[in-house]
Amino acid sequence: MSRVILPEPDRAILARREGIVADLRRLVGGEAIIADEVGRRAYETDALTAYRRLPLAVVLPSTTEQIARVLRYCNQWGIKVVARGAGTSLSGGALPTEDAVVVAVSRMNRVLEVDYVNRIARVEVGITNLAISEAVKSAGYFYAPDPSSQLACTLAGNIGMNSGGAHCLKYGVTTNNVLGLKMVLVDGSIVELGGPHLDAAGYDLIGLIVGSEGQFGIVTEATVRILRAAEGARPMLIGFDSSEAAGQCVAAIIGSGIIPVAIEFMDRPAIRVCEAFAKAGYPDVEALLIVEVEGSDPEIKALLEAITELAKPFDPRELRVSQSAEESAAIWKGRKSAFGAIGRISDYYCMDGTIPLGKLGHVLVEISRICDAHGLKVANIFHAGDGNLHPLILYDANDADQADKAERAGAEVLELCVAVGGCLSGEHGVGIEKRDLMRVQFDASDLAQQMRIKTVFDPNWLLNPAKVFPLEGRPEAQAKEPKAAA
Amino acid sequence: MPSDVRPVDERELAQILREAGQARTPLELKGGGSKHNIGRPMTTTLGLSTGALRGITLYEPNEMVMAARSGTPLAQLEESLAQRGQMLAFEPASLGAAAGGEARAATIGAVFATNLSGARRIMVGAARDHLLGLRAVNGRGEIFKAGGRVMKNVTGVDLCRGLAGSWGTLAVMSEVTFKVLPMPEHTETLVLLGLPDEIAIEVLCTAMGTPFEVSGAAHLQPAMVARLEHEGLRGQGQAVTALRLENFKASVDYRKGKLKALLKAYGEIHDLDHDNSLALWQELRALTLLKASDAPLWRISTAPSAGPKVVAAIARYMDCSAFYDWAGGLIWLEMLPTTDAGAADVRRVIATHGGHATLIRAAPEVRAAVDVFQPLEAGVGTISRQLKAAFDPAGILNPGRMYADF
């Protein structure tokens, strides 16, 4: 793997490394700087481990003001900066370059304010996703977006990638749950947007910033919506003889007017691995749906009965409602640990396209065909309710040929998603991984408009370099960048 | 009012904008004209109407998605949705009655361009949260697209949200794709009468802090109640505090029981049945109680608990009456006409309590003299000005409508 080309590092910056480190120490204090090679190694990649670059230095700030000082300095001297949360990006969003300073916000993890009357929490963005929910759990509240990596991933990364999760079918993704931001701009100035009220004043800058993949500035604090948890929730398992039947069942549920809180899909290869790992009692079927509904006991009962009726025409092999909190936990544990469980048996390349629901059957058949053609196996796991696919293409990372095939197969899968009316990424972001596929989804004029906005926030293109936008076709400011090399 | 050009397709729209950009001819954008009187008055001589860009281009009820050309009348589109038991869940606020524009004329493009959402915003999100994709033309005359037709999409810069709420100052949408949701099977409303604002907002916030999925939380001061068309409530002659519950009947019944038990200390709780509930919330959405007059009208967004404080603080300086939505976080505030429509006081109070205020209705000379939209803090103002230039370098799209200098 690693077909994506990264630009040659700026040699002048590399040559000044020691001086830059000394300056950073002076600006934020030595204890906030990692300069030794062993320490920097920990930041050379993220969850897309095929790509690695040792960063120039790592800054671990404790305050917004420290970040402001670092950005002001880097902007002044033309030094690139890569913002980082927990480094769980599956698209290489936190991959550094050799000539870049990594600013990792993991130390900034405090809950600053919880306001149950107005149903908001104000937090530093280095807090993990799950820690926000934990902080408000005793009062019966939670923070809705729930990426599978929620134990580790930070709100910073969630904001960068506009992360989703299994339950966003009902509650929306990050951008729907962020009301306010404090952000350091590339010149070191600090702006505050929105707050505890709904819909910030003026242009929707928060909407532009959430999901901008660290291209626009470094967010340091956020005001997020917290929601009162439902009285109860219960999943049911519905097994089918074919993926098509499962896909049609999803459409029937959504079309009926019932919006479950989650509808998750797994195919047989994924089911087997997850069952071996979590002992969740998944049936051994060709395709499985986990459908979860929420509410009081009578509401849950009524909804599950309705869903059972809707599923019957599709000839389910198995229809089973969770009977206990333990069983529900096991069902979700299996699903949420799916990536890890599959990672124990094989290397995999995780895709993240989204498709219109009606194309589900067709796309699943095509994914199998694509992977077969490359001689690779695939396990499918995804958020079926909103058409967000996560095919895991299995390969051997020690086999360069297989790795290359996996990446090619992945690109073909994403091209297929776009061809049927979907998109390259539903929740993982473009990062380095899908950068060169952006032209599949967007034409030159679409990309030009996006890049003009990037230039508004980051006139010299110093933030999170070499990501998101194809290298060719970048504006003039980028033409000066050293020529790309393999 | 300037004369209008009405492009019949996206290509013609792009041609018009290209020429206007080159000639630096400012254009006043218009959909159906229902919000024509909102914003700072412009000095443009040429109008650009999206009224001929009509038609639903995609509707997949099973995927909860619809696309339409931007000039498609909202009423027509909602009719198509209703035939399949679906709706725009964020209940786009109708400004026609309140702002003296043409009633029921709103277009779907303007719904997203203004991002004005109704009562259900507290539960399902704003207009911006339902916009999945768009096609638009920028001030250079370039056609671009953003987003798509799928529910989850984080590919590239989120231009959909960038354009939502930009009041036609960045680009002209030619087509929008959006999420639709099933209409609830059953609706009921709990009503408490005669509560002072502070207590009423406490009731609304308490209800919002339960698991019982309140989908509308409004409070009307007595002066607002007196203007209701709903006779039963108008006849009460006192403040009305309303909580809406929606879903299948058994679920509504259950949650109604729970909420009544929880809120019983606040006084007698009355029920509005399904039909009466629909009538009340439809009326609140249409804002007919804020019918056009010469009284200035403000729309204030603040933290719900700050709502009554904001209103009380402004009321110390001038006579005003309030309709609170969003559990107290959205205030429609009407006041007696003054030379500045109360702007100085409103801005000062907002600075203390947080949030933002928009002057929705006032005489043109007043709207020309005061900030209609919330003034921006310096850093945010700089970015906003540059963002405008990134879409519309010649400044031809609704120049001055939001801010005096861009």
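Which elements of chain A cover the buried residues of α10(A)? In this predicted model, the cover includes β13 (262–267), β14 (287–295), α12 (325–336), α13 and β17 (377–383) of chain A. The residues of α10(A) that are buried are Ala270(A), Ile271(A), Val273(A), Cys274(A) and Ala278(A). The points below treat this helix, the nonpolar core, selected residues, the domains and the contact between the chains.

**Helix α10(A) and its packing against α13(A)**

- Helix α10 of chain A spans residues 268–278, and helix α13 of chain A spans residues 338–345. Their axes approach within 9 Å and cross at roughly 95°.
- On the α10(A) side, the contact is formed by Ala270(A), Val273(A), Cys274(A) and Phe277(A). Their partners in α13(A) are Ala338(A), Ala341(A), Ile342(A) and Ile345(A).
- By class, this contact comprises eight nonpolar residues, with no polar and no charged ones.
- An α-helix has 3.6 residues a turn, so residues three or four places apart point the same way.
- After α10(A) comes Lys279(A), which has a positive phi, near 50°.

**The largest nonpolar core**

- The largest nonpolar core holds 298 residues. The members that touch the most others are Val59(A), Val81(A), Val101(A), Val103(A), Val250(A), Leu289(A) and Ile393(A).
- When residues up to four places away in sequence are not counted, Val59(A) touches Leu24(A), Val28(A), Ala32(A), Ile33(A), Val70(A), Val101(A), Val102(A) and Val103(A).

**Buried helical residues of chain A**

- Ile300(A) belongs to helix α11 of chain A, residues 297–311. Ile300(A) counts as buried because 21 C-beta neighbours lie inside 10 Å.
- Apart from neighbours within four places in sequence, Ile300(A) is in contact with Gly232(A), Arg234(A), Val293(A) and Gly295(A). Ile300(A) and Arg234(A) are 66 residues apart in sequence, yet their C-alpha atoms are 7.1 Å apart in space.
- Cys371(A) is part of helix α14 of chain A, residues 360–373. Cys371(A) is classed as buried because it has 24 C-beta neighbours inside 10 Å.
- The contacts of Cys371(A), leaving aside neighbours within four places in sequence, are Leu376(A), Lys377(A), Val378(A), Ile393(A) and Ala409(A). Of these, Ile393(A) is also among the core residues that touch the most other members.
- Between the C-alpha atoms of Cys371(A) and Leu389(A), 18 residues apart along the chain, the separation is 15 Å.

**Positive phi at non-glycine residues**

- Glu213(A) is not a glycine, but its phi is positive, about 55°. This residue occupies the loop between α8 (205–209) and β10 (218–225) of chain A. Glu213(A) counts as buried because 26 C-beta neighbours fall inside 10 Å.
- Asn247(B), likewise not a glycine, has a positive phi of about 140°. Asn247(B) sits in strand β13 of chain B, residues 240–247. Asn247(B) is buried, since 22 other C-beta atoms are within 10 Å.

**Domains**

- Chain A is divided into domain 1 (11–104), domain 2 (111–228), domain 3 (232–338) and domain 4 (346–436). The C-alpha centres of domain 1 and domain 3 of chain A lie 44 Å apart.
- For chain B, the assignment gives domain 1 (3–182), domain 2 (186–288) and domain 3 (292–369). In chain B, 31 Å separates the C-alpha centres of domain 1 and domain 2.
- The contact between those two domains of chain B draws eleven residues from domain 1 and 13 residues from domain 2. On the domain 1 side, α3 (96–99) and α5 (121–124) of chain B each supply at least two residues.
- By class, that side of domain 1 of chain B has seven nonpolar, two polar and two charged residues.

**Contact between chains A and B**

- Across the interface, 65 residues of chain B are in contact with 70 residues of chain A.
- On the chain B side, at least two residues each come from α6 (127–130), β8 (143–147), α7 (159–163), α8 (197–208), α11 (249–263) and α16 (378–391). The element that gives the most is α16(B), with seven residues.
- The side of chain B that touches chain A is made up of 28 nonpolar, 26 polar and eleven charged residues.

Definitions and conventions
Residues numbered from 1 in each chain as written. Chains lettered and ligands numbered in written order. Predicted model: local features only at pLDDT ≥ 70, side-chain atom pairs only at ≥ 80, totals over all residues. Contact = placed C-beta atoms within 7 Å. Helix = DSSP H or I, 4+ residues; strand = E, 2+ residues; numbered from the N terminus. Nonpolar A, V, L, I, M, F, W, Y, C, P; charged D, E, K, R; others polar. Core = buried A, V, L, I, M, F, W, Y, C linked by C-beta atoms within 7 Å. Buried ≥ 20, exposed ≤ 12 C-beta atoms within 10 Å, placed from the backbone. Axes fitted to C-alpha atoms, helices over the stretch in contact; angles between N-to-C directions. Domains from an automatic or database assignment.
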